[in-house]
Amino acid sequence: MRTQVAIIGAGPAGLLLAHLLAQGGIESVVLETRSEEYVSSRIRAGILEHSSVELLESVGLGARLRAEGDQHRGIHLQWPGERHHLDFVSLTGRSVWVYGQTELQKDLGATRTAEAHYEVSDVEVDTAGRVRFTDKDGRITVLEADFIAGCDGSFGPSRNAVPAAQKFEKVYPYSWFGILADVAPSTDELIYAWHPDGFALHSMRSSTVSRFYLQVPNGTDPQSWSDDRIWSALSKRLGHGQDGWKLNPGPITDKSVLPMRSYVQTPMRHDKLFLAGDAAHIVPPTGAKGLNLAIADVALLAKALISGDERLLDSYSDDAQRRVWRCTHFSWWMTTMLHTSGDPFDAELQLSQLRWVAGSRAGAAGLAENYAGLPIGY
Ligand code: FAD
Ligand code: DHB
């Protein structure tokens, strides 16, 4: 089997890359270990940056996003006794959209711009341009390609195929407990809450579905938390009763625990193999950057592959890493500002920083510029 670009992984990075390449007249084949149904129902990120939305619209993927997504002007930042709205639009002229990764994944799956093989196994990457795999019927196939795009996330084989890569890693001493509930959101825009018991986030998926996150110790078993315990922790940390605000509880439909780490691998190219998205970097979710970084990587990579220009292909890794490190810093900064460590000195520094961010135009604009996102190509 032969193609111009072999894409490993049918997550948002892999499928969007296939779509962008098809628009530029480049043929690709996508290989994915999981089933299509599994990939499109994984509950993950929920926020799209301004420039991600602009890019998706410019390539014909904006219709359902516009119709069913929800544009937000900013976020609420709070700590006990205080809630402040940061209006990104007036601070930076840019907004964000609430649109679940599951929905984007469905939109990408529906475009079907490339040949895709789901439920493959034993994928082996040869950076000279060959991928060996076993298809779902047990046939061993060698796919030859001009280039390979490793879009196979943090557990795929691509990142380990880059020899002598430099790896940077930071593991955080807490995790996120993610909760999905069939209840109308109790807020118009997301609430990021600092609390002595730990961070809490109120997000949403639609007018009838709410998404919440609670800071919990590493190793927490989600089933060890009863629904009553979850609602009582969310009410306390999100400030139920504060200035008359109420958190509406409802049936919980999903509970999961997500460990948090920062990881960057460089370079993002070796020979014919290019890495994009979680295959090259992981951020803790507090800055809502993981999905957006994957989109920014493939926008750069598609441009280089379509141009065929060796200089652009050569500079892909350095160009991508500029944004990767900006988002790595922002995600670390949001995480360390909002998660409690139990140390009273750290808590006072966090509260001082929160007061400055919420109270100073310069502080608020810094957060807004990073959260709403820098232009593609930054
Ligand atoms: P992925 O979405 O991981 O896609 C990689 C694909 O490669 C997968 O479909 C995988 O099955 C496939 N694959 C793996 N191995 C192979 C192989 N050997 N051969 C072929 N295919 C393979 N970000 C946020 O901003 N906010 C969040 O709340 C948030 N929550 C998250 C929760 C979880 C549990 C996880 C794992 C991530 C979360 N993220 C979140 C991060 C965000 O979802 C990712 O940054 C985003 O999915 C990256 O897209 P990707 O296409 O690079 O990688
Ligand atoms: C969501 C996830 C995030 O990581 C974040 O910072 C904001 C919202 C979400 O899943 O809705």
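Tutor: Start with the whole. The protein has twelve helices and 19 strands; helices (H or I, at least four residues) and strands (E, at least two) are DSSP runs, numbered from the N terminus. Its radius of gyration is 21 Å, close to the 21 Å that the globule rule gives for 378 residues, so the protein is as compact as a globular protein of that length. That radius is taken over C-alpha atoms, and the rule is 2.2 Å times the number of residues to the power 0.38.

This is a predicted model, where local features need pLDDT of at least 70 and side-chain atom pairs count only at pLDDT 80 or more, while totals for chains, interfaces and linings use all residues. Residues are numbered from 1 along each chain as its sequence is written, and chains are lettered from A and ligands numbered from 1 in the order in which they are written.

Now the helix pair. Helix H11 covers residues 344–359, and helix H12 covers residues 361–372. They pack at an angle of about 90°, with their axes 5 Å apart. That makes H11 roughly perpendicular to H12, a term for angles of 65 to 115 degrees. Axes are lines fitted to C-alpha atoms, for helices over the stretch in contact, and angles run from 0 to 180 degrees between N-to-C directions.

Which residues meet? H11 brings Trp356, Val357 and Ala358. H12 brings Gly363, Ala364 and Leu367. Contact here means C-beta atoms, placed from the backbone, within 7 Å. By class, the residues of this contact are five nonpolar, one polar and no charged. Ala, Val, Leu, Ile, Met, Phe, Trp, Tyr, Cys and Pro count as nonpolar, Asp, Glu, Lys and Arg as charged, and the others, Gly among them, as polar.

Stay in H12 for one more residue. Asn370 is found there. Asn370 is buried, with 20 other C-beta atoms within 10 Å. The cut-offs are 20 or more such atoms for buried, 12 or fewer for exposed, and partly exposed in between, with C-beta atoms placed from the backbone. Thr92 is 278 residues away from Asn370 along the chain, yet their C-alpha atoms are separated by 9.9 Å.

Step back again. Buried residues make up 44% of the 378 residues. Among contacts between residues at least 6 apart in sequence, 73% join residues at least 24 apart.

Note on methods. Parallel < 35°, antiparallel > 145°, perpendicular 65-115°, else oblique. Contact = placed C-beta atoms within 7 Å.
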